[in-house]
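Please consult the sequence and the structure shown here alongside the text.

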Amino acid sequence: MEAYILDWLNTMIRFAHFITGIAWIGASFYFNWLENNLNRQAGQKEGIAGHLWAVHGGGFYYLEKYKSYPNELPKELHWFKWEAYFTLITGFALLVVIYYYNANSYLLLPNSSISAITGIALSFFGLVLGWLIYDSLTKTALVNKQNIIALIMLGVVALFALFYQQFFTPRAVFIQIGAMIGTIMVLNVFFVIIPSQKQLVKACVDKADIGNDLVFKGYIRSRNNNYFTLPVLFIMLSGHFPMFYSNVNPALMLVLIFITTVLIRHYFNLKGEGKKGTSLVLALVVILTASVFYALMPQKRVLSENAKVVEYEKIATIIEKRCATCHSSNPRDESFSVAPSGFILDTKEQIINAKDAIYSRTIASASMPLANKTNMTDEERTNLANWLISLSKEK
Ligand code: HEC
């Protein structure tokens, strides 16, 4: 029953997290696009910086951007903030339901030297610390040197990932780093962007000078969020594909993902602003992606020369004891009421059909059995490996 409830919570919160995330990032992409596409040619109306015509969903739209603020504060002014806040709230709830609630299975490495509570505390304070570091950095004079900020943030990602991978499962390291960057983005909205917009509204009411400082503060944080978006999305997504973290050092992979996705964003920004250098950035993205593609390519499996022939019966016993507690149409494990990911290993046919998946999760990486809950031995892994390799040779 408990597992059943957790699955429902997981599904519902994830659904909400998706929707709020899409609404938030969608709006931010839209406004970014708007900025890049405003018609700013001479001859705009008094006080207007630029305008734009668009057609969408059965109607024409006309938009204007003010240089500072309108003469009178409009009665109805739309704000964009709850999408961001709810993305953080639902994201944190997911972290709790999946990683904190089952910390021993999902958060911590098998035989980790720290307790579940310590792991959860490390994860939570990491989110806070990530923000404090970024926020302090952006309050220094370095804010005018965005390239340096980008490099420092890359270093921060690398150091945190190196730290967390001592204790956390590779997948949890991915989620932790994704959540840290995501938290920075939402807190940027909460602590800087929205307050500076409130000041802007106040200036409009008081007919006061806005001052460049205020505009700049909000602008820089939005701009940084714009660059953080793609790394966060990719990191959250790649956590579902073990190839990105199981045979490689998760920290190294995260650094590569961060660089590549930030460059992709940079490419689109340069392009949108009509600036030079797009080909160079694009070339870098292609080279980096191709290198990762090559590095992650599955190796050809070779049977060691003195490997023993392993009979299927022996393998059947191993799978039954070590995997089918969870991966069965009728799991015995108390945490699962149905087979995780619908992956079932009850019959010989199912096992043979799943040979590549079994290889990737049990041999190429040791991400299964989950947290090695069923105490699979190295000898069993070797037997399983030899059997799987001889199986792929037959065909
Ligand atoms: C304690 C429960 C548990 C045990 C025991 C277990 N697994 Fe899993 N397995 C999971 C969970 C939970 C997932 C989904 C999360 C994930 O993909 O990491 C999963 C996912 C998988 C997947 C990915 C399936 C897919 O389609 O995405 C494979 C393959 C797998 N397990 C193989 C195995 C093998 C082989 C064993 C035995 C050596 C094993 N598991 C033992 C819990 C378990």
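The sections below treat the model and its domains, the metal site, the nonpolar cores and selected residues.

## Basis of the model

The structure is a predicted model, in which local features need pLDDT of at least 70 and side-chain atom pairs count only at pLDDT 80 or more, while totals for chains, interfaces and linings use all residues. Residues are numbered from 1 along each chain as its sequence is written, and side-chain values use heavy atoms, with hydrogens and water left out.

## Overall architecture

The chain contains 13 helices and two strands; these elements are DSSP runs numbered from the N terminus, with helices (H or I) of at least four residues and strands (E) of at least two. Its C-alpha trace spans about 85 × 45 × 45 Å along the principal axes. Of the 395 residues, 43% count as buried, where buried means under 20% relative accessible area, exposed over 50%, and partly exposed in between (1.4 Å probe, protein chains only). Among contacts with a separation of 6 or more, 67% come from residues 24 or more positions apart; a contact means heavy atoms within 4.5 Å.

The domain assignment gives domain 1 (2–36 + 81–296) and domain 2 (312–394), with bounds taken from an automatic or database domain assignment. The centres of domain 1 and domain 2, taken over C-alpha atoms, are separated by 34 Å. Ten residues of domain 1 are in contact with ten residues of domain 2.

## Annotated regions

An unreviewed UniProt entry places the feature "transmembrane region" at residues 12–31, 84–101, 113–134, 146–167, 173–194, 227–245, 251–268 and 280–297. UniProt positions are given in the numbering used here, feature names are shortened, and annotations may be inferred rather than shown by experiment. One of these spans, residues 146–167, is 86% helix and 0% strand in the model, with its end C-alpha atoms 32 Å apart. For residues 227–245 the figures are 63% helix and 0% strand, and the end C-alpha atoms lie 23 Å apart.

The unreviewed UniProt entry also carries the annotation "domain: Cytochrome c" for residues 310–392. This span, residues 310–392, is 51% helix and 0% strand, and its end C-alpha atoms lie 14 Å apart.

## The iron site

His327, through NE2, and Met368, through SD, coordinate the iron atom of the ligand at 2.0 to 2.2 Å. Donors are N, O and S atoms within 2.8 Å of the metal (3.2 Å for Na, K and Ca); water is not among the atoms, so sites may look incomplete. The arrangement is octahedral because the six donor atoms around the iron atom of the ligand subtend angles of 88 to 179°; six donors count as octahedral if opposite donors are over 155 degrees apart and all others between 65 and 115.

Histidine 327 lies in the loop between helix H10 (312–322) and helix H11 (348–353), and methionine 368, 41 residues apart from it, in the loop between helix H12 (355–364) and helix H13 (378–394). Histidine 327 is buried, with a relative accessible area of 11%. The peptide bond from methionine 368 to proline 369 is cis, with omega near -10°. Asparagine 372 is found in the loop between H12 and H13, has a positive phi of about 40° although it is not a glycine, and counts as partly exposed at 21% relative accessibility.

## Nonpolar cores

A nonpolar core is a set of buried Ala, Val, Leu, Ile, Met, Phe, Trp, Tyr and Cys residues joined through side-chain atoms within 4.5 Å. In the largest core, of 67 residues, Tyr99, Leu107, Met153 and Ile177 touch the most other members. Helix H6 (residues 170–206) gives the most to this core, with 15 residues. At least three residues of this core come from each of domain 1 and domain 2. A second, separate core of 17 residues includes Ile351, Ala354, Leu388 and Ile389.

## Selected residues

Glutamine 176 is found in helix H6 and counts as buried at 1% relative accessibility. Leaving aside neighbours within four places in sequence, glutamine 176 is in contact with Leu122, Ser123, Gly126, Leu127, Tyr164 and Phe168.

Aspartate 209, in the loop between H6 and helix H7 (212–238), counts as exposed at 75% relative accessibility. Asparagine 111 likewise counts as exposed, at 80%; this residue lies in the loop between helix H3 (103–107) and H4 and has a positive phi of about 60° although it is not a glycine.

Note on methods: Tetrahedral: all angles 85-135°; square planar, octahedral: opposite > 155°, others 65-115°.
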